[in-house]
Amino acid sequence: MASEVLDRYHDLDAEQRLAFFHALARDFGPDRDKVNKAIEAWMAEPRDGNGGALHFASEPRRQELIRRLNRAPGGTANLVAMRADLLTLMGNNKQGEDRDLAALDRDVVHLLASWFNRGFLVLRRIDWSTPANILEKIIRYEAVHEIGGWNDLRRRIDPVDRRCYAFFHPALVDEPLIFVEVALTEEIPHAIAPLLAEDREAVPVERARTAVFYSISNTQRGLGGISFGNFLIKQVVEELRRELPKLENFVTLSPVPGFMKWLKTTAYLPVTEDERSLLKHLDEPDWWRNPELEGQLRPIVETLAAYYFLKARTPKGRLIDSVARFHLGNGARLERINWLGDVSSKGMRESAGIMVNYLYRLDDIEKNHEAYANDGTVVASSTVKKMLKGEGRRLLDIVALPKQA
């Protein structure tokens with residue numbers, strides 16, 4: 001029966017699928033009578049047994065329905081795809097049922113998070129001997145720096161100074177969930193182009209002292225909101241330390257995808273009117289090729305980038321940049337802001353070419369993570385903090401954020 005439900009779902013159009021999701025949200029919630037009785041029992045005698053009964057009574061019946069659908073052959077993959085459809089329809093649906101669909105989505109995420117917990121994930125290295133069907137998916141799913149075909153892919157995974165690792169799940173055969181591309185270098189890099197250059201010289205592994213995580217891509221939209229990246233980076237660090245004990249630095253070379261949007265939309269920028277006028281040149285193509293203009297813009301944009309990471313916040317007090325939230329939440333340190341680190345059209349459009357390094361210092365990861373998660377503090381290097389205007393020598397070791405709402 002589960003297989004038949006999934007087969008029939010595939011034949012539905014978008015409107016019918018939306019109706020199906022509404023039915024799940026409307027007709028398969030908790031059994032109200034059971035919930036009321038469980039509440040009465042808890043209020044009369046608040047002991048563990050009655051608390052457990054209340055917990056199970058309050059579970060929406062659609063969760064059990066989804067569990068049964070998962071029993072069908074290929075059920076897990078079908079449910080991941082179904083959740084991707086749900087996210088799309090939630091984004092398109094502007095009517096009053098959004099709250100019901102959001103409740104359904106929470107139930108789906110709750111179950112998927114259990115089925116895709118770290119204990120079920122398998123780390124595999126991706127190299128040129130990996131089956132072609134998986135390599136094709138690496139090309140297709142790369143979300144940070146586009147892979148321009150098979151030759152470009154080979155340059156990223158085959159040389160001695162390149163690595164690629166992915167998490168897989170037994171229920172999704174040959175389907176990577178998330179993958180990270182790694183460059184082995186002598187120094188911490190400040191730009192992406194030299195790492196991806198066709199004519200670059202490979203670094204002998206015995207000279208490599210730095211592992212650079214320069215691209216992390218999630219592949220399954222239906223698993224959005226279920227975090228794998230923190231586990232992936234930490235396990236890859238352990239793998240690399242075992243293979244190459246001389247490695248000293250583990251850093252990212254990360255994009256700043258929301259920086260230009262923030263510059264254009266924020267109500268407050270800590271700049272003078274003259275500086276604000278100069279910022280308008282950022283919309284001009286190839287402005288960075290003009291040495292005089294580039295020299296004028298650099299101190300302004302670098303200061304604003306430091307402000308963006310260390311002081312600017314959303315109305316709820318969160319860091320604006322999603323990449324920053326990810327790495328700082330993992331326990332990394334904001335190490336360096338790189339001027340013109342990515343001069344591709346995408347990099348200039350999204351971040352004025354700015355890239356950043358996050359440093360994963362193994363002895364500090366737990367402490368940094370706890371500081372960010374519990375107190376909303378960002379650990380940043382003195383180099384970054386010195387970019388802020390008016391800070392002078394009065395620098396703190398950490399920059400405090402407001403507690404998140």
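Which residues touch the most other members of the largest nonpolar core? They are F259 and W287, in a core of 93 residues. By nonpolar core I mean a set of buried Ala, Val, Leu, Ile, Met, Phe, Trp, Tyr and Cys residues joined through side-chain atoms within 4.5 Å. Buried is under 20% relative accessible area, exposed over 50%, and partly exposed in between, with a 1.4 Å probe and protein chains only.

Before going on, the provenance. This is a predicted model, where local features need pLDDT of at least 70 and side-chain atom pairs count only at pLDDT 80 or more, while totals for chains, interfaces and linings use all residues. Residues are numbered from 1 along each chain as its sequence is written, and side-chain values use heavy atoms, leaving out hydrogens and water.

Back to F259. Setting aside neighbours within four places in sequence, F259 is in contact (heavy atoms within 4.5 Å) with V301, L304, A305, Y308, E350, S351 and I354. A second, separate core has 13 residues, among them L153, I157, C164 and F179.

Next, E294, in helix α14, residues 291-310. Helices here are DSSP runs of H or I, at least four residues, and strands are runs of E, at least two, numbered from the N terminus. Not counting residues up to four places away in sequence, E294 touches W287, W288, W339 and L340. E294 is buried but has no salt bridge. A salt bridge is a side-chain nitrogen of Lys or Arg within 4 Å of a carboxyl oxygen of Asp or Glu. For E294, the nearest side chain of opposite charge is R298, 4.7 Å away; Lys and Arg count as positive, Asp and Glu as negative, and His and the chain ends are not counted.

How many salt bridges does the rule give? The count is 29. One of them joins E243 and R163, with the closest N and O atoms 2.6 Å apart. E243 is in helix α11 (residues 229-243) and R163 in strand β2 (residues 162-168), so this pair ties together parts 80 residues apart in sequence. R163 is buried, at 4% relative accessible area, and E243 is partly exposed, at 36%.

Another pairs R8 with E4, at 2.7 Å from N to O. These two are four residues apart in helix α1 (residues 2-10), so about one helical turn separates them. R8 is exposed at 55%, and E4 is partly exposed at 41%.
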